[in-house]
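Subject: Structure handover and what was found in it

Dear colleague,

Here is the structure I promised to pass on to you. Please open it beside this message, so that you can follow the notes below with the model in view.

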Amino acid sequence: MKKELSAEEIIQSFKDTFKKDVMKSRVEHYHVGPKKTEIKQIWMTVNKTAYKDMVKHLMSIDKDAHFAVSSGYDIEDTIDIVHHFSIYHGKRGHELSINLTTPLPKTDPTIDTISDLIPGALIAEREKQEMLGIKVIDIPKDKRVFISDDFPEDMYPWRKDEKNADSMGRNLHDPVKKEVTPKLKPKKKAVKKGGDDE
Amino acid sequence: MKAETIEKTTYTIPVGPIHPALKEPVMFEFEIDGERIVDADVYLGHVHRTVEWTGMRRNPIQILYLAERICGICSYCHPMSFALAVERIAGIEIPERADYLRVVHAELERICSHVLWAGVAAHEIGFDTVLFLSWQIREKALDLTEYLTGNRVTKGISMIGGVRRDITKRMYPKVNETMEFFKESFEKMRKIFLEDKTFKLRSQQCGVLTKKEALDLCAVGPTTRASGVKKDVRLDQPYFAFGELDFDYVTPDVLTGEVNGDVYDRIIVRLLEVKQSVELIEQCMDRLSGIPEGEIVAEPKIAKLLNQLKKIEGENIGRMEAPRGEVIHYVKMTGQEHPYSWKVRAPTYNNILPWIPMLKGEQIADIPIVAASTDPCMSCTNRVGIVKQGKRTELTKERLHQLSVEKTRRLMQ
């Protein structure tokens, strides 16, 4: 069995293999429970072109790497997809969470599929396509998953730019940002002119 | 159309979006050859309620109550996963007592969920007396939930930085009494579910998910543990006070010495987990008696807490082992009142794809028990449509259920 790597060693191995494609990295430490047991999480921002190879690399570190889900949001000109993985499950307290963020430019919001490596990633990839308007290249099943087929094209619920789907929400109040509804002008009353109607 | 072009050895049955074995609308399309399922496909999204969209327009305290409503059974796991993520971003320290109280509520929820599932599984194979027996046991768990939280379903106990209500000394006897009741009932349940001939006939070698398939398809919870994968967030990456408690992974080989990954193994895992949850609650009650009452939340003033949360920036994940498996919430805060991004991943999301290998090769009458064996978090109603060579007929809930019951009777003869 392969030697278990520490969080720092994993980041180093990614940096050694992918050099500049690892744009940012950090290890976060938390203390949980009454005895303040330390747990660690790895966060890396990586180049989308190297993403698939990075997943392969992760699977070479632990062949049973677990893919939980992808999250995502758009911020200015990019759509950031955060892929949540975990490795080393099966031994008490050994599991490490690995979160890979891939910024995709809105001009070319494409990313390679990893469904061929991890078939369980399919639903997450389909969801990101319909919720954020990205394109997953070579996705095995290119259909909507949660949003119905009659929902308008080019409108994505999680987006915060002009492609958002806020106009599709009805009867929703917004306590955070209240919309000011213009007051209706009172209609002018028709003035009766004496004797005209007779 | 020419006669030869419509010759077909298989036909398709769409099951759902409204279906008896599923507690929430979802649609399957089964390719059937006679009684056997050749292929299966799943369609989701019939009850997408835009919870995440709504959450991104609410403050973190409001989201706790919104998250409770994601699932009626996991109404504790979702808000707590969200709370874990926010606490990590804000660097909030949890009082020791709250860590143990959080475990008690999480495990009580697991008991409620697993015993409810046991009843549903019995119903699916036509064993309704066991359904009533299981739910009678579950009623005690609900009563205790009500006693401890004030509510039976949406518990309203979660809070960022702790919990909202303490378990005081005068409540201990009721908790202990209920745990004793579960221990007595466990033996009865074990005998029925694991030794009864009917259960064995319908669940052994049925709906098999191999270890490789479970790993490839990222299955979680009892579904993956029944296939022999040791994966449990409580142990893998502890949270709350789980790191300090004495327990281990539950896989079917603990009891039988082998792993088959069938429906029977999923029953074993869930039953043993009920027993494990009772033990965990007892351990917590022991520890709680040694910790002074009172301090159960990091910041008791909600307005002050909200003010603090308004200023936090960063991203994090909150993971928990819900009754059905790993729940994960991703939260990104940007110094505003509401999160910039919030993603919820419930366990059923990952347990959908494993249905396909489980159902392939099984019979139509096995659909309800196999689909139910992953304990899908879905609501049910009552209709199934059959399309046979373009001609649509309808198979009612009663008919599908009847097919399942008939199969049980056939096997018993």
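Before the details, one term is needed: two strands are said to pair if DSSP finds at least two bridges between them, and strands of a sheet pair through backbone hydrogen bonds, either parallel or antiparallel. An example of such a bridge is found in chain A, where A:Phe85 has A:Ile98, in strand 5, as its bridge partner. Please keep in mind throughout that this is a predicted model.

The sheet of chain A

Strand 4 and strand 5 of chain A are paired in the antiparallel sense, with ten bridges between them. They belong to an open sheet of five strands in chain A, whose order is 1-2-5-4-3 and whose pairing is mixed. At the edges of this sheet are strand 1 and strand 3 of chain A, each of which pairs on one side only. On average, and with direction ignored, neighbouring strands of the sheet are turned by 20 degrees against each other. Helix 3 of chain A packs on the sheet, where it touches strand 3 and strand 4 of chain A, and the direction of this helix makes about 10 degrees with that of strand 3 of chain A.

Is strand 3 of chain A largely enclosed by the rest of the structure or largely open? Nine of its ten residues are buried, so strand 3 of chain A is largely enclosed.

Single residues in chain A

Two further residues of chain A have a positive phi. A:Lys36, which is not a glycine, has a phi near 55 degrees, and this residue is found in the loop between strand 1 and strand 2 of chain A. With 11 other C-beta atoms within 10 Å, A:Lys36 is exposed, since a residue counts as exposed if the number is 12 or fewer. A:Tyr88, also not a glycine, has a positive phi of about 65 degrees and is found in the loop between strand 4 and strand 5 of chain A. A:Tyr88 has 18 other C-beta atoms within 10 Å and is therefore partly exposed.

A:Leu5 lies in the segment before helix 1 (7-18) of chain A, and it is partly exposed, with 16 other C-beta atoms within 10 Å. If its neighbours within four places in sequence are left aside, A:Leu5 is in contact with A:Ile10, A:Ser13 and A:Ile61. The C-alpha atoms of A:Leu5 and A:Leu96 are 10.0 Å apart in space, although these residues are 91 residues apart in sequence.

Where the two chains touch

How many residues does each chain bring to the contact? Chain A gives 35 residues and chain B gives 39 residues. On the side of chain A, the elements that give two or more residues are strands 1, 2, 3, 4 and 5 together with helix 3 (122-132). Strand 3 of chain A gives the most to this side, with six residues. Sorted by class, the side of chain A that touches chain B has 18 nonpolar, twelve polar and five charged residues.

Chain B

Chain B has 17 helices and ten strands, and of its 413 residues, 53% count as buried. Its radius of gyration is 22 Å, which agrees with the value near 22 Å that a compact globule of 413 residues would have. Taken along the principal axes, the C-alpha atoms of chain B fill a box of roughly 75 × 50 × 35 Å. Among the contacts in chain B with a separation of 6 or more, 69% are between residues 24 or more positions apart.

Within chain B, helix 2 (residues 60-68) has as its buried residues B:Pro60, B:Ile63, B:Leu64, B:Ala67 and B:Glu68. Seen down the helix axis, these buried residues fall within an arc of 140 degrees, so they line one face of helix 2 of chain B. An α-helix has 3.6 residues a turn, so residues three or four places apart point the same way. What covers the buried residues of helix 2 of chain B includes helix 1 (51-55), helix 3 (77-90), strand 4 (158-159) and helix 13 (302-310) of chain B.

With best wishes

How values were computed:
Residues are numbered from 1 along each chain as its sequence is written. Chains are lettered from A and ligands numbered from 1 in the order in which they are written. This is a predicted model: local features need pLDDT of at least 70, side-chain atom pairs count only at pLDDT 80 or more; totals for chains, interfaces and linings use all residues. Helices (H or I, at least four residues) and strands (E, at least two) are DSSP runs, numbered from the N terminus. The radius of gyration is taken over C-alpha atoms; the globule rule is 2.2 Å times the number of residues to the power 0.38. A residue is buried if 20 or more other C-beta atoms lie within 10 Å of its own, exposed if 12 or fewer, and partly exposed in between; C-beta atoms are placed from the backbone. Two residues are in contact if their C-beta atoms, placed from the backbone, lie within 7 Å. Ala, Val, Leu, Ile, Met, Phe, Trp, Tyr, Cys and Pro count as nonpolar, Asp, Glu, Lys and Arg as charged, and the others, Gly among them, as polar. The arc is that of the directions from the helix axis to the C-beta atoms. Axes are lines fitted to C-alpha atoms, for helices over the stretch in contact, and angles run from 0 to 180 degrees between N-to-C directions.
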